[in-house]
Amino acid sequence: MEITEFVETLRLDGGLLADAAQEAGPDARIPACPEWQMRDLVTHVGQVHRWATGFVTQGLQQPSRPPEAPDLADDELVPWLREGHHHLVLALHSAPQDLAAWTFLPAPSPLAFWARRQAHETSVHRADAQQAVGASLTPLPSAFAADGIDELLTGFHARDRSRIRTDVPRTLRLRATNSPGADWTVHLSDAPPHTVRTAPDTDRPEAGKPADCTIEGPAEELYLALWNRLPWDAMTVTGDESLLRLWQERGGV
């Protein structure tokens with residue numbers, strides 16, 4: 001996907017998140033994060049947006065913690081969220097293509113990293129906010145959802161902190177049925193998972209081979225299920241379902 005596409009998704013989903021937060025109210029519970037109320041979700045996203053804006057606008061080269069949230073009254077939270085989201089969108093729109101800044105996942109460039117990461121961060125939490133309202137989820141483009149699956153598998157769960165481990169080597173195949181080429185094989189062991197893209201037209205030896213467990217479904221539903229935001233009912237699971245349960249229990253980032 002192009003950087004502009006990520007920024008546009010960030011713009012749209014940030015607005016939807018704020019709208020849902022306003023409608024739900026600060027005391028609403030977040031179904032995917034039972035310990036959180038809406039004020040916690042809004043505070044988290046507002047902090048992350050401002051944190052990301054700092055890397056984009058200042059070209060920071062070292063990691064840092066998100067800024068502390070101000071002590072705001074409940075009726076000030078959503079305007080504060082909207083303000084930080086607006087500044088992040090503007091920062092990404094105006095940033096130079098050769099931006100040099102710290103990142104924490106592989107990406108073609110720092111600008112591509114921050115646009116992609118903040119788009120997915122915001123989309124997942126937009127789903128949280130809409131679920132708290134009890135509203136239908138705004139659909140995501142299948143290409144964007146497939147990209148989010150890729151980021152999760154080849155980025156977050158390639159790191160040492162991933163808890164998706166098995167004592168005996170196993171393979172998990174994930175396939176987005178409505179997104180051409182969106183097919184991954186995750187090699188599980190007592191080391192961090194190793195994911196390879198295994199679309200049928202690739203020359204990977206794993207392509208087309210059966211896995212210990214295969215999970216298939218539409219890209220958006222698979223994306224949100226992998227982030228533990230939707231149940232797995234819409235998925236077709238073939239093979240060893242214990243690997244699905246492993247993900248459900250340990251797949252949190």
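Trainee: Is Glu 8 buried or exposed, or partly exposed, and what is its relative accessible area?

Mentor: Let's set out the terms: buried means under 20% relative accessible area, exposed means over 50%, and partly exposed lies in between (1.4 Å probe, protein chains only). Glu 8 falls in the middle class because its value sits between those limits. Glu 8 is therefore partly exposed, with a relative accessible area of 31%.

Trainee: Before we go on, what kind of model is this?

Mentor: Residues are numbered from 1 along each chain as its sequence is written, and side-chain values use heavy atoms, with hydrogens and water left out. Local features need pLDDT of at least 70, side-chain atom pairs count only at pLDDT 80 or more, and totals for chains, interfaces and linings use all residues, since the model is predicted.

Trainee: Which residue forms a salt bridge with Glu 8?

Mentor: A salt bridge here is a side-chain nitrogen of Lys or Arg within 4 Å of a carboxyl oxygen of Asp or Glu. For Glu 8, the closest N and O atoms of the pair are 2.7 Å apart. Both residues lie in helix α1 (residues 3-24), three residues apart, about one turn of the helix; helices (H or I, at least four residues) and strands (E, at least two) are DSSP runs numbered from the N terminus. The partner of Glu 8 is Arg 11.

Trainee: Glu 121 and Arg 117: buried or exposed?

Mentor: These two form a salt bridge, with the closest N and O atoms 2.9 Å apart. They both lie in helix α4 (residues 110-133), four residues apart. As for accessibility, Glu 121 and Arg 117 are both buried.

Trainee: How many residues apart are Arg 197 and Asp 150?

Mentor: Their side chains meet in a salt bridge at 2.7 Å, N to O. This pair links distant parts of the chain, with Arg 197 in strand β5 (residues 194-197) and Asp 150 in helix α5 (residues 142-154). The separation is 47 residues.
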